[in-house]
Amino acid sequence: MSWEERTKNKMLNLRLPTDPRWVDIASMNLKDILVDHAYCEQKAASSCISLIVRYPNLDRLVDVLTPVVAEEWAHFERVMEQIRKRGFQFEKPRKDMYVVKLSQFIQKGGSKMAQLTEHLLMNALIEARSCERFKLLWKNIEDEELQQFYYELMVSEAGHYVNFIDLAKYYHDPEKVDERWKEWLAHEAKVLQELEIRPDRMH
């Protein structure tokens with residue numbers, strides 16, 4: 001099964017679609033969205049580095065996530081290029097309440113692999129939601145250059161999403177991973193319902 005088919009099967013599991021108002025707000029606040037997006041890519045690279053540092057003896061994890069670090073940082077550089085091309089100023093990061101609320105759902109304790117699974121699933125969920133939002137921007141934003149930009153990022157983030165899910169099932173009981181994944185999906189939907197739709201946030 002190709003990664004496209006695997007992604008399609010898994011991506012449909014997101015319990016709640018993004019409010020359609022978000023893309024309208026986002027397109028009208030391009031500077032804020034791009035700045036927030038740049039920090040999201042930066043944090044995605046840092047998250048993968050953190051996992052590699054915490055689990056250096058897990059060869060498959062290191063081998064899979066090392067190129068993801070490079071891709072996420074390349075995305076950061078590409079977003080910065082879009083920011084500067086449009087004469088926008090890169091500003092201080094804003095608190096990402098979406099990620100904060102997701103991280104509060106991480107289960108403490110348990111085996112080392114259970115803890116790894118928690119972080120892999122949280123990262124998978126962030127990538128899945130990012131992919132969904134990149135698709136919305138690709139389909140709806142008027143800027144043709146950014147349409148292509150977000151299409152390319154959508155494809156890349158989908159691949160990262162599959163990587164995290166596959167790693168979780170490699171290092172932990174697949175049935176337990178599926179069970180916990182359902183709980184993560186339900187929690188993420190609740191978080192999305194509670195968060196205010198912001199014109200300056202990617203999530």
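Predicted model: local features only at pLDDT ≥ 70, side-chain atom pairs only at ≥ 80, totals over all residues.
**Aromatic pairs**

A pair of aromatic rings is described by the distance of the centres and the angle of the planes. With ring centres within 6.5 Å as the rule, the count comes to nine aromatic pairs.

Select Phe149 and Tyr150. Their ring centres are 5.0 Å apart and the planes stand at 65 degrees, so this pair is edge-to-face; the cut-off for that label is over 60. Both Phe149 and Tyr150 are buried.

Next, select Tyr161 and Trp181. Here the centres are 6.2 Å apart and the planes are at 45 degrees, so the pair is tilted. Which helices does this pair link? Tyr161 belongs to helix α7 (residues 144-171) and Trp181 to helix α8 (residues 174-194). The two residues are 20 residues apart, and the pair links distant parts of the chain. Tyr161 and Trp181 are buried.

Now show Tyr39, Trp73, Phe76 and Phe90 together. These residues form one aromatic cluster.

**Charges over rings**

Select Arg60 and Tyr170. Arg60 lies over the face of Tyr170, 3.7 Å from the ring centre. Move to Trp22: Arg133 lies over its face, at 4.8 Å from the ring centre.

**A loop residue**

Last stop: Ile106. Find it in the loop between α5 (97-103) and α6 (112-140). Is Ile106 buried or exposed? Its relative accessible area is 10%, so Ile106 is buried; the cut-off is under 20%.

Show its surroundings. Leaving out residues up to four places away in sequence, Ile106 touches Glu118, His119, Met122, Arg180 and Trp184. Then pick the C-alpha atoms of Ile106 and Leu121. They are separated by 9.4 Å, and the residues are 15 residues apart along the chain.

Conventions. Residues numbered from 1 in each chain as written. Heavy atoms only, no water. Phe/Tyr/Trp six-rings, centres within 6.5 Å; stacked < 30°, edge-to-face > 60°. Buried < 20%, exposed > 50% of the residue type's maximum accessible area, 1.4 Å probe, protein only. Helix = DSSP H or I, 4+ residues; strand = E, 2+ residues; numbered from the N terminus. Lys NZ or Arg CZ within 6 Å of the ring centre and 35° of its normal. Contact = heavy atoms within 4.5 Å.
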